[in-house]
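Try each task before reading its solution.

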Amino acid sequence: MDTTLAETTEPAFRTLSGLRFSKGHGTGNDFVLVADPEGVHTITAEAVAALCDRHRGIGGDGLIRAVPSRFLPEGRELLAAAPDAEWFMDYRNGDGSLSEMCGNGVRVFVHFLRTEGLIELPDGGALAIGTRAGVKTVVRTGDDYAVDMGPWEFIFPGEATAKAMDSLVTAEGLEVPRPALSVSMGNPHTVVALAELSELAGTRLFTAPVVDPVPANGTNVEFVVPSEPLVHDGIGSVTMRVHERGVGETQSCGTGACAAAVAIRHWAGAEAPDSWRVHVPGGVVGVKFFAGPAGHEHVELSGPAVIVATGTLS
């Protein structure tokens, strides 16, 4: 499918006339993608918000600019330690605010690089990608992609270890504040466990949940229901909805799925598995824990990536 976006009343678009874009998604978490191999495009926060507007723009949970790492200060810093990280995922949330990275977005980003002919990545091949949360390694697995999301950590480790919770979350549709656990996947998450799918469905995420205390840079909030039984054939299973900072509720959140698995596994205890399926409104993603370098446990996120349209801004 090829589309042309008609001229808009949004002034933010006018400096981007003629710019090619694609629209893609990973389990419903959708993005506007722009290739900038020469590092010449400046896309302001206002332009991002206008492009991601679902009524007056293309629509998306965020915008990803594919730019060689050497053109960004953050990218050049990563190249010093990881010279293979040629491409940088310059990601902004749908409101234009900068974000460290996005687990679904990095899969779509690599698929976009392939479809644009900017890289070659055979089945089973790996690619190092620069992000504001560090270098991420993406492996192509047939039509899907698996991402080494790096190490996870508790944002408030003392409380997480001592009490298995570190904050309270208030959300519309829940009668009382709920205990939560805050997890960093390079970006912040606060995970709330709910008992029933009906309770999950009744939680209203039109407005941002209130988190107390909130992590320093804000937080994404995941509401999670463990399956019954929790583990089947050695794989844990949960169902999740998410409110993403700077966006609102999304169909999926890759780093959020990882954080949800971290929290539920912690609450389940030492016998909990290392492999998980996370069901989100947009589909299913896989989460796997494995031993990383220097003794740090890493998290792998796997799932699909789809490009649904390309076009040119006019």
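Below are two exercises, each with a worked solution.

This is a predicted model, where local features need pLDDT of at least 70, side-chain atom pairs count only at pLDDT 80 or more, and totals for chains, interfaces and linings use all residues. Residues are numbered from 1 along each chain as its sequence is written, and side-chain values use heavy atoms, with hydrogens and water left out.

**Exercise 1.** Find the residues that UniProt lists for "active site" and work out whether Cys102 is buried or exposed.

*Step 1.* The unreviewed UniProt entry lists Cys102 and Cys253; such annotations may be inferred rather than shown by experiment.

*Step 2.* Cys102 sits in the loop between strand S5 (87-93) and helix H3 (103-115); helices (H or I, at least four residues) and strands (E, at least two) are DSSP runs, numbered from the N terminus.

*Step 3.* With 4% relative accessibility, Cys102 is buried (under 20% relative accessible area, 1.4 Å probe, protein chains only).

**Exercise 2.** Now do Cys253: where does Cys253 lie, and what is Cys253 in contact with?

*Step 1.* Look in the loop between strand S16 (248-250) and H6.

*Step 2.* Cys253 comes out at 2% relative accessibility, so Cys253 counts as buried too.

*Step 3.* Skipping neighbours within four places in sequence, Cys253 is in contact (heavy atoms within 4.5 Å) with Asn29, Asn104, His189, Glu222, Met240, Val242 and Glu244.

*Step 4.* On the same terms, Cys102 is in contact with Asn29, Phe31, Met89 and Tyr91.

Notes: Buried < 20%, exposed > 50% of the residue type's maximum accessible area, 1.4 Å probe, protein only.
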